[in-house]
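I opened this model to look up its fold, its helices and its loops. My entries follow in the order in which I made them.

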Amino acid sequence: MALQTISPLLRYFFLFFFLFLVSDAHHSLADTQPVCESKPPPKDLPVHPRDVDLMQFALNLEHTETEWFLFGALGYGLDNVEPELAMGGPPPVGTRKARLDNVTRRIIEEFGYQEVGHLRAIKKTVGGFPRPLINLSKHNFEQIFDEAFGYSLSPPFDPYIDSLNYLLASYVIPYVGLVAYVGTNPNIEGYVTKRLLAGLLAVEAGQDAVIRALLYERAKETVPPYDITVAEFTDRISDLRNRLAMCGVRDEGLIVPLELGAEQRTTSNILSADRNSLGYGRTPEEVLRIVYGTGNEHVPGGFLPAGGNGVIARKLLGDG
Ligand SMILES: [Fe+2]
């Protein structure tokens, strides 16, 4: 039927019908667009001013982890990878490349690069401070392990000598970052800061799980030349951290009594967690007591011989 033979009324009807179809098709297309970001909460701030010091505090641990993993795998650290993130802070002391098998080296290298990303993400979101002085010397680890056992290991523990010792020394570090993030979480208010914290916590927990799983495979082996099993090493280190933090059991080794296992039904303890298998949390004060190795957040030492940087740590040192 030719268009000119249709009455004007019908012509308008066809025109409206056509426009309706086009607009409906457009809406259907829009409706099928995938949603990739959740909408921000209507009244919340992206970064609340109170988030800043709390998230910056984490940089003390993130810097320590960065240098530990990068040096262990590659023999160099942040100053060779992304020097501006150090913000002029002093280079770490006592670091060196560890004697690692190929698989362990690849894992640790990846962890090292992940830490660089963590530093960048924190500093971009809430700002930051210069890298603190970090002590990753063999002597520092010797002291930690001697303290953990209550006597001097003979020969003194060397974290860099092989993969097993390096993994045992690694058991000491990311777990503290993990519990610090769990502890910080309830005090974070901004939705962008919450997203940052969740992303950091996820990877930190993953690193800890990998380290613990690798150690669990060898849990019953003795660590040469000592007559001490891998499991006992982890027990002693966890005990030491609980002692230093002074807030009860928030840290558990790889093999535990049944009452500390998941649902009180297992003695394997590849992940350290509470009665409901939720990760333990620690306050900045507890974290500092551990990383200073002094059991006192006002007395620096251990991994951070000149103390942590940022408002929280400096205030506790009387500088704030
Ligand atoms: Fe990290």
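**Burial.** I call a residue buried if 20 or more other C-beta atoms lie within 10 Å of its own, exposed if 12 or fewer, and partly exposed in between, with C-beta atoms placed from the backbone. On that count, buried residues make up 42% of the 320 residues in the chain.

**Ground rules.** The model is predicted, so I took local features only at pLDDT of at least 70 and side-chain atom pairs only at pLDDT 80 or more, while totals for chains, interfaces and linings use all residues. Residues are numbered from 1 along each chain as its sequence is written.

**Overall layout.** I looked up the secondary structure, where helices (H or I, at least four residues) and strands (E, at least two) are DSSP runs, numbered from the N terminus. The chain has 12 helices and 0 strands. I then checked the extent of the C-alpha trace, which spans about 105 × 45 × 35 Å along its principal axes. The radius of gyration of the chain is 26 Å, whereas a compact globule of 320 residues would be near 20 Å. That radius is taken over C-alpha atoms, and the globule rule is 2.2 Å times the number of residues to the power 0.38.

For contacts, I used C-beta atoms placed from the backbone and lying within 7 Å of each other. Among contacts between residues at least 6 apart in sequence, 68% join residues at least 24 apart.

**Helix α3.** I compared the length of α3 (59-74) with its expected span, which is 1.5 Å times one less than the number of residues. The 16 residues of α3 should span 22 Å, and the end C-alpha atoms are 21 Å apart, which agrees. I also noted that 15 of the 16 residues of α3 are buried. Just after α3, Gly75 takes a positive phi of about 85°.

**Helix α7.** How many residues of α7 are buried? I found 9 of 10, so α7 is mostly covered. The buried ones are Ser163, Asn165, Tyr166, Leu167, Leu168, Ala169, Ser170, Tyr171 and Val172. They pack against α3, α5, α6, α8, α9 and α10.

**Helix α9.** This helix covers residues 191-216, which is 26 residues. From first C-alpha to last, α9 reaches 37 Å, close to the expected 38 Å. The buried residues of α9 include Leu196, Leu197, Leu200, Leu201, Ile211 and Leu215. I also found Glu204, Asp208 and Arg212 among the buried residues of α9. What covers them includes α2 (51-57), α5 (102-126), α7 (163-172), α8 (174-184) and α10.

I list Arg195 as partly exposed because it has 17 C-beta neighbours inside 10 Å. Between Arg195 and Leu164 I noted 31 residues in sequence and 34 Å in space, C-alpha to C-alpha.

**Where α6 meets α10.** The axes of α6 (residues 138-149) and α10 (residues 230-245) come within 8 Å and cross at roughly 90°. The two helices are therefore roughly perpendicular, a term for angles of 65 to 115 degrees. Here axes are lines fitted to C-alpha atoms over the stretch in contact, with angles from 0 to 180 degrees between N-to-C directions. On the α6 side the contact is made by Glu147, Ala148 and Phe149, and on the α10 side by Arg236, Ile237, Asp239 and Leu240.

**Loops.** As background, most residues other than glycine have a negative phi, and most peptide bonds are trans. I therefore wrote down the exceptions that follow.

- A cis peptide bond joins Ser154 and Pro155, with omega about -5°; Pro155 is in the loop between α6 and α7.
- Another cis peptide bond joins Pro224 and Pro225, with omega about 0°; Pro225 is in the loop between α9 and α10.
- Met246 has a positive phi near 60° and lies in the loop between α10 and α11.
- Ser277 is also not a glycine and has a positive phi of about 60°; its place is in the loop between α10 and α11.

Is Ser277 buried or exposed? I count Ser277 as exposed because it has 11 C-beta neighbours inside 10 Å. Met246 is exposed as well, with 12 other C-beta atoms within 10 Å.

My last entry is Arg275, in the loop between α10 and α11 (284-292). Arg275 is exposed, with 10 other C-beta atoms within 10 Å. Arg275 and Glu263 are 12 residues apart in sequence and 6.8 Å apart in space, C-alpha to C-alpha.

Conventions. Angles under 35 degrees count as roughly parallel, over 145 as roughly antiparallel, 65 to 115 as roughly perpendicular and the rest as oblique. Two residues are in contact if their C-beta atoms, placed from the backbone, lie within 7 Å.
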